[in-house]
Amino acid sequence: MPELSFFLVAGAAVLLGAVVQSSVGLGLGLVAAPVVAMLDPALMPGTMLIATFVLPAFTLAAEWRNVDWRGLGWAVLGRTPGSAAAVWVVATAPPQALAAGVGAMVLVAVALTLRAVRVRIHRGSLLLAGLVSGFTGTATSIGGPPIALLYQHESAGRIRGTLAAFFLAGVLMSLCLLAAGGQLHAAEVGAGLGLIPFVAAGFAVGRPLCRVVDAGRMRAALLAVVTVSGVALLVQSALG
């Protein structure tokens with residue numbers, strides 16, 4: 001089990017990420033995964049996958065009427081082979097390399113968000129986004145950006161609900177595949193369970209913000225946080 005200092009630092013990042021994701025649809029992995037990976041790369045991705053499993057369940061309970069169920073089905077179908085491929089990467093790549101992968105994923109997500117790339121939602125784009133999300137989500141615990149980019153121009157409720165349903169199905173799939181492949185260890189499980197109270201607190205704080213926080217300011221703050229985290233993680237991986 002990690003030390004108290006781990007839970008204080010990682011817990012703060014998880015709480016912040018949960019606040020952001022509760023209001024805009026994603027952000028927990030983007031904010032907290034780089035911090036957890038910097039503190040202890042060996043705890044990735046299992047710790048974050050376990051911690052993030054709870055939040056989409058909360059969100060889905062509130063937003064289930066807004067879910068794009070048809071699109072969700074195609075995205076989950078695409079996620080399956082991506083998740084399976086990532087299990088091999090987790091088994092063969094050193095933790096430092098996975099940490100670098102987290103940092104790279106964060107910066108790619110930021111770059112795509114800044115470009116405001118618009119992709120039409122159809123069967124092919126959903127399958128591809130699900131495939132990429134399955135790989136990155138299982139290997140680094142950051143699987144939201146591909147799906148979020150597809151739905152970024154939809155209504156806020158549809159984004160939050162669809163992402164929550166996708167995350168819930170995807171995280172469960174990733175955890176099962178990692179466990180079956182022997183890549184989910186007791187230390188990751190313990191750390192992930194220890195972070196769940198911070199997730200719950202973040203949801204409690206973030207949910208009311210859906211109606212009162214300026215979306216532009218929250219987006220700018222999120223991009224700043226994840227950019228700094230991603231760069232710091234890549235530097236640490238290079239030096240380590």
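The largest cavity has a volume of about 210 Å³. The model is a predicted one. Across the whole structure, 2 cavities of 30 Å³ or more are found.

*Largest cavity*

- Its lining is made up of 19 residues, and those nearest the centre of this cavity are S141, I142, G143, G144 and F167.
- Helices α2, α3, α7 and α8 (156-180) each give two or more residues to the lining of the largest cavity.
- By class, the lining of the largest cavity holds 9 nonpolar, 9 polar and 1 charged residues.

*Second largest cavity*

- The second largest cavity holds about 30 Å³ of space.
- Q21, G25, P56, T59, R160, A164 and F167 line the second largest cavity.
- At least two lining residues of the second largest cavity come from α3, and at least two from α8.
- With 3 residues, α8 gives the most to the lining of the second largest cavity.
- The lining of the second largest cavity divides into 3 nonpolar, 3 polar and 1 charged residues.
- F167 lines the second largest cavity and is also among the residues nearest the centre of the largest cavity.

**Second largest pocket**

- The volume of the second largest pocket is about 200 Å³.
- It is lined by 10 residues, of which V119, L128, A129, P146 and L149 are the closest to the centre of the pocket.
- Helix α6 supplies the largest share of the lining of the second largest pocket, with 4 residues.
- The lining of the second largest pocket has 9 nonpolar residues, 1 polar residue and no charged ones.

**Helix α7**

- Helix α7 is largely enclosed by the rest of the structure, because 8 of its 8 residues are buried.
- The buried residues of α7 are G144, P145, P146, I147, A148, L149, L150 and Y151.
- Among these, P146 and L149 belong to the residues closest to the centre of the second largest pocket, while G144 is one of those nearest the centre of the largest cavity.

*S133*

- S133 is located in helix α6.
- Its relative accessibility is 0%, so S133 counts as buried.
- The S133 side chain reaches the backbone oxygen of G143 at 2.3 Å.
- Apart from neighbours within four places in sequence, S133 is in contact with R79, T138, G143, G144, P146, I147 and F166.

*T138*

- T138 also has its place in helix α6.
- T138 has a relative accessible area of 0% and is therefore buried.
- A polar contact of 2.6 Å links the side chain of T138 with the side chain of S174.
- Neighbours within four places in sequence aside, the contacts of T138 are P45, L49, R79, S83, A86, V87, V90, S133, S174 and L178.
- R79 is in contact with T138 and also with S133.

**Aromatic pairs**

- A search of the whole structure finds 3 aromatic pairs.
- One of them is the edge-to-face pair of F6 and F7, with 5.3 Å centre to centre and 85° between the planes.
- Both F6 and F7 are buried.
- Another pair is F58 with F203: the ring centres are 5.2 Å apart and the planes lie at 45°, so this pair is tilted.
- F58 is in helix α3 (residues 46-63) and F203 is in helix α9 (residues 186-206), so the pair ties together parts 145 residues apart in sequence.
- F58 counts as partly exposed because its relative accessibility is 33%.
- F203, at 16% relative accessibility, counts as buried.

**A cis peptide bond**

- Most peptide bonds are trans.
- M44 and P45 are joined by a cis peptide bond, with omega at about 0°.
- P45 is in the loop between α2 (28-39) and α3.
- P45 is also one of the residues in contact with T138.

Technical notes: Residues are numbered from 1 along each chain as its sequence is written. This is a predicted model: local features need pLDDT of at least 70, side-chain atom pairs count only at pLDDT 80 or more; totals for chains, interfaces and linings use all residues. Side-chain values use heavy atoms; hydrogens and water are left out. On a 1 Å grid over the protein atoms alone, a cavity is a set of points where a 1.4 Å probe fits but cannot get out, and a pocket is an open set with protein on both sides within 12 Å along at least five of seven lines; lining residues have an atom within 4 Å of a point. Grid points are joined across faces, edges and corners, and a volume is the space filled by probe spheres set on the points. Ala, Val, Leu, Ile, Met, Phe, Trp, Tyr, Cys and Pro count as nonpolar, Asp, Glu, Lys and Arg as charged, and the others, Gly among them, as polar. Rings of Phe, Tyr and Trp (its six-membered ring) pair if their centres lie within 6.5 Å; planes under 30 degrees apart count as stacked, over 60 as edge-to-face and the rest as tilted. Buried means under 20% relative accessible area, exposed over 50%, partly exposed in between (1.4 Å probe, protein chains only). A polar contact is a pair of N or O atoms within 3.5 Å; within protein, one must be able to donate a hydrogen and the other to accept it, and residues adjacent in sequence count only if both atoms are side-chain atoms. Contact means heavy atoms within 4.5 Å.
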